[in-house]
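Subject: Handing over the structure

Hello,

I am passing this structure on to you. Please open it first, then read my notes below.

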Amino acid sequence: MSRFRRTGALACAGAVVLGGLAVAAGTQADAQQTPVDQLLSQTLAGGAALGKVQSRLADVADHNRMPVDKLRQILATDKTAWLDADSKLFFREPGLTSAQKAPEASPRWASAAVAGATGPAFELHSKPGSNRVLYLDFDGHTITGTAWNASKGIDPVNVSAYDTDGDPANYSTAEQDVVHEVWARVAEDYSTFDVDVTTQEPPQSAIDRSGASDEQYGTRVLIDPDTWYQSGCGCGGVAYVGVYDSTSQHDYYQPALVFTKGVGTGAKNLAEAASHEAGHNVGLSHDGTSTVGYYQGHGAWAPIMGVGYYRGISQWSKGEYADANNKEDDYAVVGTHGLALRADEAGGTTGDAAALTVGTPVSGIIAAEDDTDVYRVDVSAAGNYTASASPAPTGGNLDIKLDLLDGSGAVVASNDPASGQSDAGTPTGLGASVSGALQPGTYYLRIDNVGYGDPLNTGYSTYGSRGAYTLNVSPS
């Protein structure tokens, strides 16, 4: 019996030793596991990259701050998705044909040519004072110490200024008009967020993020007319995904790049590309279908993260159109990557309505899908009056329904025109107006965001119908 017990004890001791060896071996294996940023030795297209990192896909997804199933889908199905040598996800957008790159006429803003990046076109801000910035860089930039340099083996890269007349040192009125229009369109796309879209170069410290405690940061979207990167891919733009609020190597994965040789020099194309590439920086992927990588929209509408070049209304999306392959909630994703919605500036009921004086316009923003802005108007003299609510004058995203309420809050007039487009750069029917004979007293004007048609195939819902507006009431 004693011998049996001793043998058993030895067996148990042996099990402990073997178990200890197993634990030690496992610890050693974990310690020797290849770091996620060393899994690839080169930049690879999505499918090829997926094959290389499949066994570590969860780690790569965590490295890119996205769900593993989402990353798998992107790498397997999106032909524009790439992993770089550090296993970071970025997109190379396809370039356009010569016909598609043809510039459209721009509104007129500039009154005189300027030397260098000076003058009003280079002093534009959508929300000055915000801790977040989206800088539209038209005047050239030196790219150094970034992933783009590493991928090309060129450091530094001196990117030329935007130029369409052969004189890069000076900006003609036409060139300034493009800068102004691009800014207006991108500012409208990001108007619902607490971010300053600007053409005035901020200090680098306002773009870079030094760590988690640094609350002032952003991104640079560089309008690049050169070939140093574009000639190798034929692409319209490139951007890393989800790096806007990174707390380490923030500057390494910037800027986002928009190539004029890929999308042309016209304002509409540049603006759509800039909003799209910045969208990748704040965590968004592509809106497509089961058969195409980029959805081109329907009617007058397209998703910003699809292809917005050919539609008058481009909005953020959650994949409500037919056969959508991407159901991500754009606003929710952006909110997790550093951009919160703006605070509401007007009350939503007659009890907390903001003041509006006859003859004095006010401006506001519908930032949330369920946001409603109500204004109180005191009419002192009987007569005919007209109230008009207009969306952003360039690239409007907000489709407005305007209601006139009497002092008791009852609706006495309402207007919501059908939306559409007169051309790819000009939406129609987004504004609304009401007119009527009013007696002295208190009235209210209510601005609500609405959709149009069927979001599956003819229109859009209230989801992306958000943005800036101007409201005015005057005698008519």
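Here is what was found, taken region by region.

This is a predicted model: local features need pLDDT of at least 70, side-chain atom pairs count only at pLDDT 80 or more, and totals for chains, interfaces and linings use all residues. Residues are numbered from 1 along each chain as its sequence is written, and side-chain values use heavy atoms, with hydrogens and water left out.

**The sheet**

Helices (H or I, at least four residues) and strands (E, at least two) are DSSP runs, numbered from the N terminus. Two strands pair if DSSP finds at least two bridges between them. Eight strands make an open sheet with mixed pairing. Their order is β1-β2-β3-β11-β12-β10-β5-β9. The edges are β1 (44-45) and β9 (196-198). Each has a single partner strand, so one side of each has no neighbour in the sheet. Strands β5 (residues 132-137) and β10 (residues 217-224) run parallel, paired over six bridges. R132 sits opposite Y217 in β10.

**Helix α9**

This helix covers residues 267-281, 15 residues in total. From first C-alpha to last, α9 reaches 21 Å. That is close to the 21 Å expected at 1.5 Å a residue, where the expected span is 1.5 Å times one less than the number of residues. For accessibility, buried means under 20% relative accessible area, exposed over 50%, and partly exposed in between (1.4 Å probe, protein chains only). In α9, 15 of the 15 residues are buried, so the rest of the structure largely encloses the helix. G283 follows α9 and has a positive phi, near 100°.

**Salt bridges**

A salt bridge here is a side-chain nitrogen of Lys or Arg within 4 Å of a carboxyl oxygen of Asp or Glu. The whole structure has 13 of them.

- R72 and D69: the closest N and O atoms are 2.9 Å apart. Both residues lie in helix α4 (residues 68-77), three residues apart, about one turn of the helix. R72 is partly exposed at 32%, and D69 is exposed at 54%.
- R220 and E201: the closest N and O atoms are 3.5 Å apart. The pair links distant parts of the chain, 19 residues apart. R220 is in strand β10, and E201 is in the loop between β9 and β10. R220 is buried at 4%, whereas E201 is partly exposed at 45%.
- R446 and D403: their side chains meet at 3.1 Å, N to O. R446 is in strand β24 (residues 441-449) and D403 in strand β19 (residues 400-405), so the pair ties together parts 43 residues apart in sequence. R446 is partly exposed at 24%, and D403 is buried at 3%.
- Salt bridges that share partners join R132, R209 and E215 into one network.

**Residues 371-448**

An unreviewed UniProt entry places "domain: Peptidase C-terminal archaeal/bacterial" here. UniProt positions follow the numbering used here, feature names are shortened, and annotations may be inferred rather than shown by experiment. Over residues 371-448 the chain is 0% helix and 64% strand. The end C-alpha atoms are 7 Å apart.

**T386**

T386 belongs to strand β18 (residues 383-391). At 18% relative accessibility, T386 is buried. Contact means heavy atoms within 4.5 Å. Neighbours within four places in sequence aside, T386 is in contact with V434, S435, N472, V473, S474 and S476. The side chains of T386 and S476 also make a polar contact at 3.1 Å. A polar contact is a pair of N or O atoms within 3.5 Å; within protein, one must be able to donate a hydrogen and the other to accept it, and residues adjacent in sequence count only if both atoms are side-chain atoms.

Best wishes
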